[in-house]
Amino acid sequence: MNSEKNIKPVLELKNLHKSFGDNHVLKGFKLKLFEGENLVVMGKSGSGKSVMVKCLVGLIQPDSGSITIKDQDITTMGHKELDLLRTEIGFLFQGSALYDSMTVRENLEFPLRRHKDKIENFQGTEILVKEALENVGLAHAIDLMPAELSGGMQRRVALARALILKPKIIMYDEPTTGLDPITAKEIIHLMRNIQKKYQTSSLIITHDVDCARVISNRMILLVDGINYAEGTFEELSKSDDPQIQAFFKN
Amino acid sequence: MRSLGTLLTIPDLNHSYLPKSLLNLIFPFNKMNKANAIILKTKSFFAEIGDMTLFAGRFFREVFRPPFEFRELLRQCYNMGNRSLLLVGVTGFILGLVFTLQSRPTLMQFGAESWMASMVSLSIVREIGPVIIALICAGRIGSGIGAELGSMRVTEQIDAMEVSGTNPFKYLVVTRIVATTLMLPLLIIMGDAIALLGSAIVENLKGDVSYMLYFNQVFDALKFSDLLPATIKSVFFGFAIGLVGCYKGYHCSKGTVGVGEASNSAVVYISMLLFIIDFIAVFVTDIFFEI
């Protein structure tokens, strides 16, 4: 396990606050993600997990607090710098968010249009697209439209798109939500394989206990906008606290 | 202690079992609520106009700044221009046909059938053609943009573009507004030409006027000062269709209901805006070209 005192985090959130009108969603949330780590943030539906992860990529502006990714504070960044930094972050959306007017190939080519220079030893778009699709086992679906794919296949294509720029950090927003248990397991194993292959740091937002058990190195429970508890899956699942236990009961 | 403002807006009488007349007697505040609602709606309308102005400002900042999305611009021009040809053509043809048929008896009463070509051409080129075709395009293109961008917003596709390091405003909004601004004048010119053809057919069948004579009369009647303001006006019509459609879609919320609302309100706002632009254009044309 990483020792927080010695290793510098690749991503750090400090005292994050976000409100929507009278609804105070995040009330001083904090986290650190270390290199090569799989950090799971668990919370009930509507607890602010997705808001937190969208603050991390600059889709939502937090009310206060700091977000540091690779030693750069993204809350004070301009659009250009933020766009450049985003090429180092892969993001898997809850509903896959594939561009439905484009084929699978065009979906994967889209992030490459402006950022080919970010990839070391760039050999061509075609090779990268094929490699990304092979990683998720969907090389045959290259010319299909998103509407022709099943939910699980869409999630895998979205994962391939998140990986195409070879990011160092990957954020998963509810990666298994809406999938059947077998497909959910496939996605979880795919996430593990990708983490091993590319040595990425992953932040996984979920309320799926199976996903957390298989993939997490460390977990944070987000309750009422704050870090309610932190530890490994084993530590938290053995806790006597009824609030924590509620997460692990099936 | 509650403020007067909250006291005036407390009773929610919509779900009461008492008769409405009695409720209005007991709670005169209900009328206040209606007044408040009108004030709030007016305020939000002007706030939206302000937002739209800022949106237009962002368009002008982004449109001249590289990188340029030429391929997407061409795709949008094709979608909006080429795919509207049939609709605009049919509308223009029927417009010219009906306008001539309806005007004929009146002109005949005054023995002024020979003025038909000049009257129809001036009316269509200066006013009816651009406005009707722009309204048709508001329905086809404006609502289409509103619905497309709206569904992209609610399914997080716009967020996905932003996260992948591509500026979605430049890719989705700038290209669409430029495409409508370029395509609408062309569609209107084509629609006007087809409307005149429709009119010529009626004149040929009903009044034994040859096509050559009819179009000679048309070109004699039309001046540069008729064509230029109409074309400039149609550029603004195109801009308004693109701007409002994109604004409504880009700021869509509330799921699939929001997509429907975005598409619907885009058409309503565009139609209103087209008439305002038309009014201003006629006013300005009158100053510079002395109609």
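Me: What is the bridge partner of T68(A) in β5(A)?
Reply: The partner of T68(A) is D73(A). Strands here are DSSP runs of E, at least two residues long, and helices are runs of H or I, at least four residues long, numbered from the N terminus.

Me: What makes β4(A) and β5(A) a pair?
Reply: Two strands pair if DSSP finds at least two bridges between them. Two bridges join β4(A) to β5(A), so they count as a pair. They run antiparallel. This is a predicted model, in which local features need pLDDT of at least 70, side-chain atom pairs need 80 or more, and totals for chains, interfaces and linings use all residues. Residues are numbered from 1 along each chain as its sequence is written, and chains are lettered from A and ligands numbered from 1 in the order in which they are written.

Me: Why are β2 and β5 (72–73) of chain A called edge strands?
Reply: The open sheet has four strands in the order β2-β1-β4-β5 (chain A), with antiparallel pairing. β2 and β5 each pair on one side only, and they are the edge strands.

Me: What joins β1(A) to β4(A)?
Reply: Five bridges join β1(A) to β4 (residues 64–69) of chain A, and the two run antiparallel. In β4(A), I67(A) is the bridge partner of L13(A).

Me: What do β1(A) and β2(A) form, and what sits between them?
Reply: They form a hairpin, with two residues between the strands. G21(A), in the turn, has a positive phi of about 65°. β1 (residues 11–20) and β2 (residues 23–33) of chain A pair in the antiparallel sense over eight bridges. H17(A) has K27(A) as its bridge partner in β2(A).

Me: Which strand pairs with β6(A), and in what sense?
Reply: Strand β7 (residues 169–173) of chain A pairs with β6(A) in the parallel sense, over four bridges. In β7(A), Y172(A) is the bridge partner of L92(A). I89(A) and F91(A) point one way from β6 (residues 89–92), G90(A) and L92(A) point the other way, and all are buried.

Me: Why is T285(B) called partly exposed?
Reply: A residue is buried with 20 or more other C-beta atoms within 10 Å of its own, exposed with 12 or fewer, and partly exposed in between; C-beta atoms are placed from the backbone. T285(B) has 19 within 10 Å, so it is partly exposed. T285(B) lies in helix α11 (residues 255–289) of chain B. Its C-alpha atom is separated by 9.7 Å from that of K233(B), 52 residues apart along the chain.

Me: How do you know that the buried residues of α4(A) are on the same side?
Reply: The buried residues of α4 (residues 125–135) of chain A are L128(A), V129(A), A132(A) and L133(A). They cover an arc of only 130° around the axis, which puts them on the same side. The arc is taken from the directions from the helix axis to the C-beta atoms. On the other side of α4(A), E126(A), I127(A) and E134(A) are exposed.

Me: What covers the buried residues of α4(A)?
Reply: The cover includes α3 (104–109) and α5 (151–163) of chain A. Just after α4(A), G137(A) takes a positive phi of about 70°.

Me: What makes the largest nonpolar core a core?
Reply: A nonpolar core is a set of buried Ala, Val, Leu, Ile, Met, Phe, Trp, Tyr and Cys residues joined through C-beta atoms within 7 Å. The largest has 114 residues, and V41(A), A160(A) and I270(B) are among those that touch the most other members. Helix α6 (residues 116–154) of chain B gives the most to this core, with eleven residues. A second, separate core of 15 residues includes M116(B), I194(B), L222(B) and A230(B).

Me: How many residues of chain B are in contact with chain A?
Reply: Contact requires C-beta atoms, placed from the backbone, within 7 Å. Eleven residues of chain B are in contact with 15 residues of chain A. By class, the chain B side has three nonpolar, five polar and three charged residues.

Me: How many helices and strands does chain B have?
Reply: Chain B has eleven helices and zero strands. Of its 291 residues, 37% count as buried.

Me: What is the average pLDDT of chain A?
Reply: The predictor's confidence in each residue runs from 0 to 100. Chain A averages 88, and 95% of the residues score at least 70. Among the elements of chain A, helix α2 (residues 79–86) has the lowest mean pLDDT (86) and α3(A) the highest (94).

Key:
Contact = placed C-beta atoms within 7 Å. Nonpolar A, V, L, I, M, F, W, Y, C, P; charged D, E, K, R; others polar.
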